[in-house]
Amino acid sequence: EDYTVISGYSDHGYSKYYAAAAVGDKVVAVPFDASQILVVDAEAGSHRYISGYYDPSSHKYSTAFVVGDKVVAVPDKSKQILVVDVVADTWRYISGYKNTLGASKYLCGAV
């Protein structure tokens, strides 16, 4: 068997997550149309959500990068830059960011 199905995931619908980034043995998926930040542990075959984050708006983030041990998501339509610390199980916004109007502001990639 070349794959494992992780059971219990039930975030139905389209366009939930457009971007994900690996931190250690975890994959962090930042929400596009989903309302929560998804963390997948492929080794354990499990998933969870970062506690305390809930945003029902649409088209939030479409690009994510790993910086050290954190995932940084830049806005699609969101008004905030999102930073996820998967080790500490926390998230925050970068303060002082001045949002530019419109969608698809930062469709880019970097290594």
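## A tour of the aromatic pairs

Select Tyr18: Tyr18 is partly exposed, at a relative accessible area of 49%. Keep in mind that this is a predicted model.

A pair of aromatic rings is described by the distance of the centres and the angle of the planes. The model holds three aromatic pairs. Tyr18 and Phe32 make up one that is stacked, 3.8 Å centre to centre with 5° between the planes. Colour by secondary structure next. Tyr18 belongs to strand β1 (residues 17-23), while Phe32 is in the loop between β2 (26-31) and β3 (38-41), so this pair ties together parts 14 residues apart in sequence.

Move on to Trp91 and Tyr93. Are their rings stacked or edge-to-face? The centres are 5.1 Å apart and the planes stand at 75°, so the pair is edge-to-face; over 60 degrees is what that label requires. Trp91 is partly exposed at 26% relative accessible area. Tyr93 is partly exposed too, at 29%.

Ring pairs join Tyr53, Trp91 and Tyr93 into a cluster.

Last stop: Val87. Look in the loop between β7 (82-85) and β8 (90-93). Val87 is exposed, with 66% relative accessible area. Then pick Lys26 and draw a C-alpha to C-alpha distance to Val87: it reads 9.3 Å, for two residues 61 apart in sequence.

Note on methods: Residues are numbered from 1 along each chain as its sequence is written. This is a predicted model: local features need pLDDT of at least 70, side-chain atom pairs count only at pLDDT 80 or more; totals for chains, interfaces and linings use all residues. Side-chain values use heavy atoms; hydrogens and water are left out. Helices (H or I, at least four residues) and strands (E, at least two) are DSSP runs, numbered from the N terminus. Buried means under 20% relative accessible area, exposed over 50%, partly exposed in between (1.4 Å probe, protein chains only). Rings of Phe, Tyr and Trp (its six-membered ring) pair if their centres lie within 6.5 Å; planes under 30 degrees apart count as stacked, over 60 as edge-to-face and the rest as tilted.
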